[in-house]
Amino acid sequence: MENVRTRVSLKLVSSDKQANKLMMKTTFKDRTIYSENLMAIHQHKETIKFDKAIYVGSAILDVSKTFIHNLFPYFDTSNYPKDHYCFNENHKNQPDEMGGKILKEFVSLRPKLNAYKTENNDEVKKAKEVLNACINHISLDNKQICRNMNFIQSNKHVVHSKTMNKLVLSGNDDKQFV
């Protein structure tokens with residue numbers, strides 16, 4: 001929802017006389033100096049038109065809550081235990097991943113790479129587009145995984161092997177973090 005009270009008017013001026021005139025008004029908020037001859041004067045709006053009603057946003061929120069509440073009976077709970085109060089065989093589209101079990105711990109390193117432990121200490125590890133050898137090293141205690149990488153390198157025509165401890169899986173996605 002947009003709050004129309006927070007809107008500002010921005011005026012660019014190139015002389016001190018214009019700047020002083022605008023800064024003396026009661027609507028003056030701030031100024032930004034770009035160069036010796038250019039300044040931006042921030043002012044509150046003199047008149048506010050309430051064309052974006054706040055109550056419309058809250059009405060939309062109420063309607064969406066009602067929609068989600070009415071959607072609940074359509075969840076697929078066919079893989080729950082038969083004595084569970086949410087068990088229902090009518091909808092068999094996409095069953096609940098946990099099958100009604102309670103999560104004890106959950107670690108997510110990045111999207112589609114997570115591990116969790118249920119109430120009876122069963123560990124489940126999931127990783128899309130990651131080697132199975134790396135998946136076995138994921139634990140709920142480690143937030144990142146380092147592996148020893150062996151490689152052959154040549155320096156001034158002398159060949160030798162190296163071992164390097166390399167970060168394999170981490171919560172920092174290289175596309176978003178510098």
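The model is predicted, so local features need pLDDT of at least 70, side-chain atom pairs count only at pLDDT 80 or more, and totals for chains, interfaces and linings use all residues. Residues are numbered from 1 along each chain as its sequence is written, and side-chain values use heavy atoms, with hydrogens and water left out.

**Exercise 1. Salt bridges**

Determine how many salt bridges a search of the whole structure finds, and describe each pair.

Step 1. The criterion for a salt bridge is a side-chain nitrogen of Lys or Arg within 4 Å of a carboxyl oxygen of Asp or Glu.

Step 2. In one of them, Lys82 pairs with Glu89, at 3.2 Å from N to O. Lys82 is exposed at 62%, whereas Glu89 is partly exposed at 43%.

Step 3. Lys117 and Glu105 also form a salt bridge, with 3.8 Å from N to O. Lys117 belongs to strand β5 (residues 113-118) and Glu105 to strand β4 (residues 103-110), so this pair ties together parts that are 12 residues apart in sequence. Strands (E, at least two residues) and helices (H or I, at least four) are DSSP runs, numbered from the N terminus. Lys117 is buried at 18%, and Glu105 is partly exposed at 30%.

**Exercise 2. A nonpolar patch**

Identify which residues make the nonpolar surface patch of about 550 Å².

Step 1. Patch residues have over 30% relative accessible area and no salt bridge; like charges are joined within 9 Å, and nonpolar side chains (Val, Leu, Ile, Met, Phe, Trp, Tyr) within 5 Å. The areas come from the Shrake-Rupley method with a 1.4 Å probe, and for residues only the protein chains shown count as cover.

Step 2. The patch is made by Phe67, Ile68, Leu71, Tyr74 and Phe75.

Step 3. Consider Leu71, a residue of helix α2 (residues 54-71). Its relative accessibility is 33%, which means that Leu71 counts as partly exposed.

**Exercise 3. A residue in a loop**

Decide whether Thr77 is buried or exposed, and find its contact with the backbone of Asn88.

Step 1. Locate Thr77 in the loop between α2 and β4.

Step 2. Thr77 is buried, because its relative accessibility is 9%.

Step 3. A polar atom of the Thr77 side chain lies 3.2 Å from the backbone nitrogen of Asn88.

How values were computed
Buried < 20%, exposed > 50% of the residue type's maximum accessible area, 1.4 Å probe, protein only. Polar contact = N/O pair within 3.5 Å; in protein donor to acceptor, adjacent residues only side chain to side chain.
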